[in-house]
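Open the model in your viewer and keep the selection tool at hand. The stops below go from one selection to the next.

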Amino acid sequence: MQIDWEALGSVFGVSLVVTVGLVALFTLGVMGLSRQERATAQGGSAALAVTGAYACFAACAAAVAYGIYLIVA
């Protein structure tokens, strides 16, 4: 039995980078929503923060959907 260590390392590296990227993107979305709550409590508006948060969540959902597509196809 031969193990292709280069391919295994490549899969590990890509999955690590994508996982960290998705977590960071989701974190940015949560931060955007928390800024909206803080702005509302102070009587302001944070429309840009909310729009950015929803864009981050949409990008996360798209990445997950693409991953599922790759597995199923």
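Predicted model: local features only at pLDDT ≥ 70, side-chain atom pairs only at ≥ 80, totals over all residues.

**Stop 1: the start of the chain.** Select I3, which lies in the segment before α1. I3 counts as partly exposed, because its relative accessible area is 44%. I3 and T40 are 37 residues apart along the chain, and their C-alpha atoms are separated by 56 Å.

**Stop 2: helix α1.** Select residues 5-41, the 37 residues of helix α1. How far apart are the end C-alpha atoms of this helix? They are 54 Å apart, and this agrees with the 54 Å that 37 residues should span at 1.5 Å a residue.

Within α1, colour G29, G32 and A39, the buried residues of this helix.

Is G13 buried or partly exposed? With a relative accessible area of 27%, G13 is partly exposed; buried would mean under 20%. G13 and Y66 are 53 residues apart in sequence, and from C-alpha to C-alpha they are 18 Å apart in space.

**Stop 3: just after α1.** Select G43. This residue comes just after α1 and takes a positive phi of about 90°.

**Stop 4: helix α2.** Select residues 47-72, which make up helix α2. The helix has 26 residues, and the distance from its first C-alpha to its last is 37 Å. That is close to the 38 Å expected at 1.5 Å a residue.

Colour V50, A53, C56 and C60, which are buried in α2. The cover over the buried residues of α2 includes α1.

**Stop 5: a contact between the helices.** Select A49, in helix α2. Which residues does A49 touch, leaving aside its neighbours within four places in sequence? A49 is in contact with G32 and R35. G32 was coloured at Stop 2 as one of the buried residues of α1.

Stop 6: Show the side chains of C56 and C60. Both belong to the buried group of α2. C56 has a relative accessible area of 13%, so it is buried. C60 is buried as well, with a relative accessible area of 9%.

To be counted here, the two sulfur atoms must be within 2.5 Å. The closest cysteine sulfur to that of C56 is in C60, 6.9 Å away, which is too far for a bond. The count comes to 0 disulfides.

**Stop 7: a surface patch.** Finish by showing the surface and selecting V64, I68, I71 and V72. These residues make a nonpolar surface patch of about 430 Å². One of them, I71, has its place in helix α2. Is I71 buried or exposed? I71 is exposed, because its relative accessible area is 71%, and exposed means over 50%.

Technical notes:
Residues numbered from 1 in each chain as written. Heavy atoms only, no water. Patch = residues over 30% accessible without salt bridge, like charges linked within 9 Å, V, L, I, M, F, W, Y side chains within 5 Å. Areas by Shrake-Rupley, 256 points an atom, 1.4 Å probe, with all protein chains shown as cover. Salt bridge = Lys/Arg side-chain N within 4 Å of Asp/Glu carboxyl O. Helix = DSSP H or I, 4+ residues; strand = E, 2+ residues; numbered from the N terminus. Buried < 20%, exposed > 50% of the residue type's maximum accessible area, 1.4 Å probe, protein only. Expected span 1.5 Å × (residues − 1). Contact = heavy atoms within 4.5 Å.
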